[in-house]
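Take a look at the picture first, and then read on.

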Amino acid sequence: MKLERNKRIKKLAVWTWTWVATMAIATFGPEFIWDHHPFLTPFAIIVNFANGILMILANRDLFNHFDELEKKIHLESLGITLGLAVIFGMSYSLLDTTNLIRQDAEISILVMFIGLTYLTSTLINSRRYR
Amino acid sequence: MKNKIRELRTAGNMTQEDLAEIIGVSRQTINAIEKGKFDPSLPTAFKMSKLFKLPIEQMFFFDE
C-alpha cells in the first residue's frame, strides 16, 4: 500500500513541477527566449495547459488511492478551501473595483491563498483525527 | 460509535500498523477508529468482522 502510495505521490510531484516549469517558460519565454514568436507562444501555453490536465489526473489518481478517513479529511479541506476561495476572491475583486487597494487584483494572489488554505485545513483536519 | 477494536487487536498480538496493512487502510485510520473519532465504512467493518471472526454488532456499539 505504501509503495503504491509513494509511486502516486512521485507521479504527482513530477507533473506538478513540470507544470510549474512550463508555466515559467510560457510566462517568460516570449520576452526572454523567443522574442514573441507567433507560433512558440501559443505552443508553450498549450503545452502548459496539457501538463496541467495531466497534473489533475495524477492528483485524482492519488485521491482515489486514499483510504476512507483520508478521503474525508481531504474532502472537508477541499470544501473549506472552495468556500474561502470564493469569498476571498470576491472581496479581493471588490477591493480592486472600488479602488480601496492601489494595485490591480492578481490571480496569483488567489492561487497562493488557495494553496495555503488547503494546506492549513488539511493539517488541522488531520490533527482532529489523531 | 463505541467499539472494541483495540481489545481485539491487542488480544491478537497485532500493532495498529499490522491491522492497517491487513484491512487495507492507513495506521491513522485504525487509530481514529479505536479512539471512536471515526466510524469505519461498511466494507471496512466487514473486513474486521471476518478477521476477528465476530459479527459487526459485537464489535461496534451504537451510542445513542
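Q: What percentage of the 64 residues in chain B do buried residues make up?
A: This is a predicted model, in which local features need pLDDT of at least 70, side-chain atom pairs count only at pLDDT 80 or more, and totals for chains, interfaces and linings use all residues. Residues are numbered from 1 along each chain as its sequence is written, chains are lettered from A and ligands numbered from 1 in the order in which they are written, and side-chain values use heavy atoms, leaving out hydrogens and water. Buried means under 20% relative accessible area, exposed over 50%, and partly exposed in between, with a 1.4 Å probe and protein chains only. By that rule, the buried share of the residues in chain B is 42%.

Q: In what order do the elements of chain B run from the N terminus on?
A: Helices (H or I, at least four residues) and strands (E, at least two) are DSSP runs, numbered from the N terminus. Chain B has four helices and two strands. Read from the N terminus on, their order is β-α-α-α-α-β.

Q: Why does chain B count as compact as a globular protein of its length?
A: The radius of gyration is taken over C-alpha atoms, and the globule rule is 2.2 Å times the number of residues to the power 0.38. For 64 residues the rule gives 11 Å, and chain B is close to that, so it is as compact as a globular protein of that length, with a radius of gyration of 10 Å.

Q: What is the radius of gyration of chain A?
A: Chain A has four helices and zero strands, in the order α-α-α-α from the N terminus on. The globule rule gives 14 Å for 130 residues, and chain A is well over that, so it is more spread out than a compact globule, at 18 Å.

Q: What percentage of the 130 residues of chain A count as buried?
A: The C-alpha atoms of chain A fill a box of roughly 50 × 40 × 15 Å along the principal axes. Among its residues, the buried share is 26%.

Q: Which three residues supply 48% of the area that chain B buries against chain A?
A: Contact means heavy atoms within 4.5 Å, and 15 residues of chain B are in contact with 12 residues of chain A. Buried area is the accessible area (1.4 Å probe) that two parts lose on being put together, summed over both, and here it is about 1,100 Å², with carbon and sulfur atoms giving 50%. More of chain B's part comes from one trio than from any other three residues: B:Gln28, B:Lys37 and B:Phe38.

Q: Is A:His65 buried or exposed?
A: A:His65 lies in helix H2 (residues 40–65) of chain A. Leaving aside neighbours within four places in sequence, A:His65 is in contact with A:Met1, A:Glu4, A:Arg5 and A:Arg8. Its relative accessibility is 19%, so A:His65 counts as buried.

Q: What separates the C-alpha atoms of A:Trp19 and A:Ile53?
A: A:Trp19 lies in helix H1 (residues 2–32) of chain A and, at 26% relative accessibility, counts as partly exposed. Leaving aside neighbours within four places in sequence, A:Trp19 is in contact with A:Asn48, A:Asn51, A:Gly52 and A:Met55. A:Trp19 and A:Ile53 are 34 residues apart along the chain, and their C-alpha atoms are separated by 9.3 Å.
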